[in-house]
Amino acid sequence: MRVGPDATIPRMLVEKNVPLQNANSFGIAARAHTLVRVRGDEDVRQAVGRLDLARQPFFVLGGGSNIVLTGDVRPVVLKMEIRGLALVQETPGAWIVEAGAGEAWHDLVAWTLRQGWPGLENLALIPGTVGAAPVQNIGAYGVELQDRFHSLSAIDGLTGEGFELDAAQCAFGYRDSVFKHRAPRAQAGAAWQRGMGLAGRAVITRVRLRLPKAWRPGLDYLDLQKKCQETGVARPSARQIFDWVCAIRGAKLPDPAVLGNAGSFFKNPTVTPEQCRDIIAREPKIVHYPMPDGSIKLAAGWLIDACGWRGKTVGRAGVYEKQALVLVNRGDRGDPEASVTGGEVMTLAKAIQTSVYERFGIRLEPEPVVV
Ligand code: EPU
């Protein structure tokens with residue numbers, strides 16, 4: 001039911017008791033008690049200024065492709081719908097493009113390539129919105145958002161104040177950023193100025209990316225090297241890489257429109273070289289990658305697969321048969337009664353964590369945000 005627009009607040013759209021099943025890529029049935037559609041900065045400021053919404057906990061919902069809803073959402077849901085794609089600056093060395101947080105990430109990638117500005121092609125077909133991309137520092141096929149990030153604009157959801165952050169202030173890590181961590185309550189204030197956690201504070205409204213004119217293909221990832229060999233193309237164009245990445249993802253990862261999922265369910269864990277040597281002695285085939293800082297990253301998909309989980313189903317939650325790192329909705333994602341629940345997904349996730357810990361002594365950390 002739509003209760004807005006309020007006479008004094010003409011533009012803001014507030015809805016009550018809103019079904020979210022089609023607003024999350026798992027297709028989990030849950031409702032938002034209060035949902036505000038955010039189509040511009042003013043909508044966030046108005047929500048902050050409204051007596052019934054002010055100082056309420058809030059939750060920003062983008063494409064819903066990296067969340068597990070474990071019940072109805074009590075915090076005010078800010079549904080991010082800010083649009084816009086623009087070239088904001090051209091320097092001798094780079095194009096700086098800006099996208100509204102509500103744009104689909106893949107549309108931004110495709111648009112930049114159509115304009116002749118390469119650099120995002122390895123990140124093609126990642127589900128979700130532009131505003132969600134910095135939150136978990138999305139990455140694929142050898143490129144992470146932080147490699148192309150310029151800056152972002154955000155609004156403090158407690159005070160309505162606008163601010164900008166550069167890459168250092170976002171504190172990007174592997175599938176991690178300042179937006180995933182909460183500041184201690186006692187230290188509330190201008191959180192971004194003190195470099196504290198911004199989860200539950202920042203509403204990202206616009207993201208700017210820097211696409212260097214000196215482009216070279218990013219072919220470090222094995223699957224892309226295989227494509228070069230198969231096709232005999234040693235120096236592919238950005239468009240060619242875009243097409244390859246779309247094909248590789250399409251073959252390995254389920255389409256959420258068909259089979260509900262939230263992409264990789266766990267982060268790839270890192271271990272010390274000593275731990276890795278110990279595991280290799282027991283499990284010689286373990287897939288591992290040395291990192292620049294000397295640590296070793298292990299393929300979580302391989303660990304889960306080795307524990308026999310690939311293709312398994314518990315309740316209505318399942319492990320995808322082509323990629324054990326992806327948990328899927330084996331219920332009916334179109335039916336609120338027959339769809340998987342967040343509880344079922346988390347029960348399966350915990351069972352997987354337990355068996356990986358028992359066999360390898362490694363604790364897997366979930367990647368999606370559990371709401
Ligand atoms: N593997 C198995 N069995 C499985 C799954 C994987 O043996 O069931 C092995 C593969 O054979 C491969 C290795 O594990 O040797 C790694 O698998 P893959 O290349 O599919 O990549 P990943 O490490 O599982 C990561 C990202 C993906 C990203 C791909 C490509 C994480 C958590 N996931 O997956 O990101 O698309 O690399 O760059 O870092 C996401 O974050 O949602 C996501 C899909």
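How many salt bridges are there between domain 1 and domain 3? The count is zero, where a salt bridge is a side-chain nitrogen of Lys or Arg within 4 Å of a carboxyl oxygen of Asp or Glu.

## Model and domains

This is a predicted model, in which local features need pLDDT of at least 70 and side-chain atom pairs count only at pLDDT 80 or more, while totals for chains, interfaces and linings use all residues. Residues are numbered from 1 along each chain as its sequence is written, and side-chain values use heavy atoms, with hydrogens and water left out.

The protein has domain 1 (2–80), domain 2 (85–212) and domain 3 (261–370); these bounds come from an automatic or database domain assignment.

## Between domain 1 and domain 3

The C-alpha centres of domain 1 and domain 3 are 31 Å apart. Contact (heavy atoms within 4.5 Å) joins 13 residues of domain 1 to 21 residues of domain 3.

About 1300 Å² is buried between domain 1 and domain 3, with 54% from carbon and sulfur atoms. Buried area is the accessible area (1.4 Å probe) that two parts lose on being put together, summed over both. On the domain 1 side, Phe26, Asn66 and Val68 lose the most area to domain 3, together 48% of what that side buries.

## An aromatic pair

The whole structure holds seven aromatic pairs. Rings of Phe, Tyr and Trp (its six-membered ring) pair if their centres lie within 6.5 Å; planes under 30 degrees apart count as stacked, over 60 as edge-to-face and the rest as tilted. The ring centres of phenylalanine 26 and phenylalanine 265 are 6.5 Å apart and their planes are at 70 degrees, so this pair is edge-to-face.

## Salt bridges elsewhere

Across the whole structure there are 20 salt bridges. Side chains of opposite charge can pair when their charged atoms come close. Arginine 37 and glutamate 81 form a salt bridge through their side chains (2.5 Å, N to O).
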